[in-house]
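Open the model in your viewer and keep the selection panel at hand.

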Amino acid sequence: MDGGNQSGLSELLLLGISENPEQQRVLFWMFLSMYLVTVVGNMLIILAVSSDSRLHTPMYFFLANLSFTDLFFVTNTIPKMLVNLQSQNKAISYAGCLTQLYFLVSLVALDNLILATMAYDRYVAICRPLHYTTAMSPGLCISLLILCWALSVLYGLIHTLLMTRVTFCGSRKIHYLFCEMYVLLRLACSNTQVNHTVLIATGCFIFFTPLGFMVMSYVRIVRAILRIPSASGKYKAFSTCASHLAVVSLFYGTLCVVYLQPLHTYSMKDSVATVMYAVVTPMMNPFIYSLRNKDMHGALGRLLLGKVFQRLT
């Protein structure tokens, strides 16, 4: 890579956030435990929703897809991180790096779009309850999900293809957890103005448009809740949105810390925020959505008891 361009680039070195052996051992067990918790938590959500007819509603349909996205998201990055933490060979092929980048970018966008769709579901449920069944029909839910996937796939393709035009030179060492857009652009020695322009334009559309939609939805939801006469009615209506609000706040809060800054200021200190949105958020989502959700508690209980009963018989 020294002095060469991308056509001669065969691999990069993912050095992670620490080269200290002791710290690497601690990080390995920490990330492994977080990965296992994330996989088990999101798999339980998916199995509970798919196996319990009481949860065959639009809200849980989108929640199961959010869990699938989070499961896919962590599997795209954490296994390679774990291998690198235990191995002396920290190389990742150029093609492998671009593949990781594509899925990272696509799945973050998909997470965002599904959260926006869930906000619309809550808006219809609270503000237009009498029309909920027709407004959130199975056909519309599937169409919305297909649209989310199509936009996220296109978003990932645009940025991955643009990255193939970038020329790299100098050090091939990446002091980061995985192949991430800003990190790769900082290694570039060619003009990346097109990448930055497209990143800003598409980022505003794919992230800020859904965020604006979610804000508008919740403004109307709050107005509708305030019109409910009883305190118990207000609490019940708000409790259906609390989990979604917590996930949106965690998701956008960590993304803003990482990406709402100039490229030249991007440094190792942003690794903490990156771990938050890449590892912690997918791990926390199942807990947030099931913590105070009686329907989910019941479905998980029936699922686990059913498995235990099958083993005993």
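A cavity, on a 1 Å grid over the protein atoms alone, is a set of points where a 1.4 Å probe fits but cannot get out; lining residues have an atom within 4 Å of a point. Grid points are joined across faces, edges and corners, and a volume is the space filled by probe spheres set on the points.

This is a predicted model: local features need pLDDT of at least 70, side-chain atom pairs count only at pLDDT 80 or more, and totals for chains, interfaces and linings use all residues. Residues are numbered from 1 along each chain as its sequence is written, and side-chain values use heavy atoms, with hydrogens and water left out.

**Stop 1: the second largest cavity**

Select Asp70, Phe73, Leu107, Val108, Asp111, Phe251, Tyr277 and Pro282. They line the second largest cavity, whose volume is about 30 Å³. H2, helix H3 (94-127) and helix H9 (271-290) each give two or more residues to this lining. Helices (H or I, at least four residues) and strands (E, at least two) are DSSP runs, numbered from the N terminus. H3 gives the most, with three residues. By class, the lining has six nonpolar, no polar and two charged residues. Here Ala, Val, Leu, Ile, Met, Phe, Trp, Tyr, Cys and Pro count as nonpolar, Asp, Glu, Lys and Arg as charged, and the others, Gly among them, as polar.

**Stop 2: the largest cavity**

How many cavities of 30 Å³ or more does a search of the whole structure find? It finds two. For the largest, select Leu14, Leu15, Gly16, Ile17, Leu27, Phe31, Met81, Asn84, Leu85, Tyr176 and Leu177. Helix H1 (21-51) and helix H2 (58-86) are the elements that give two or more residues to the lining. H2 has the largest share, three residues. This lining has nine nonpolar, two polar and no charged residues.

**Stop 3: a helix pair**

Now show helix H5 (residues 138-163) and helix H7 (residues 193-226). Their axes, lines fitted to C-alpha atoms over the stretch in contact, come within 10 Å and cross at roughly 170°. H5 and H7 are therefore roughly antiparallel (angles over 145 degrees, on a scale from 0 to 180 between N-to-C directions). In the contact (heavy atoms within 4.5 Å), H5 brings residues including Leu151, Tyr155 and Ile158, and H7 residues including Val194, Phe205 and Phe207. The contact residues divide into 11 nonpolar, four polar and no charged.

**Stop 4: the disulfide**

Finish on cysteine 97 and cysteine 179, joined by a disulfide (a pair of cysteine sulfur atoms within 2.5 Å) with S to S 2.0 Å. The torsion about their S-S bond is about -125°, so the disulfide is left-handed. Cysteine 97 lies in helix H3 and cysteine 179 in the loop between strand S3 (173-174) and helix H6 (181-187), so the pair ties together parts that are 82 residues apart in sequence.

Note on methods: 1 Å grid on protein atoms, 1.4 Å probe; cavity = no way out; pocket = protein on both sides within 12 Å on 5 of 7 lines; lining within 4 Å. Parallel < 35°, antiparallel > 145°, perpendicular 65-115°, else oblique.
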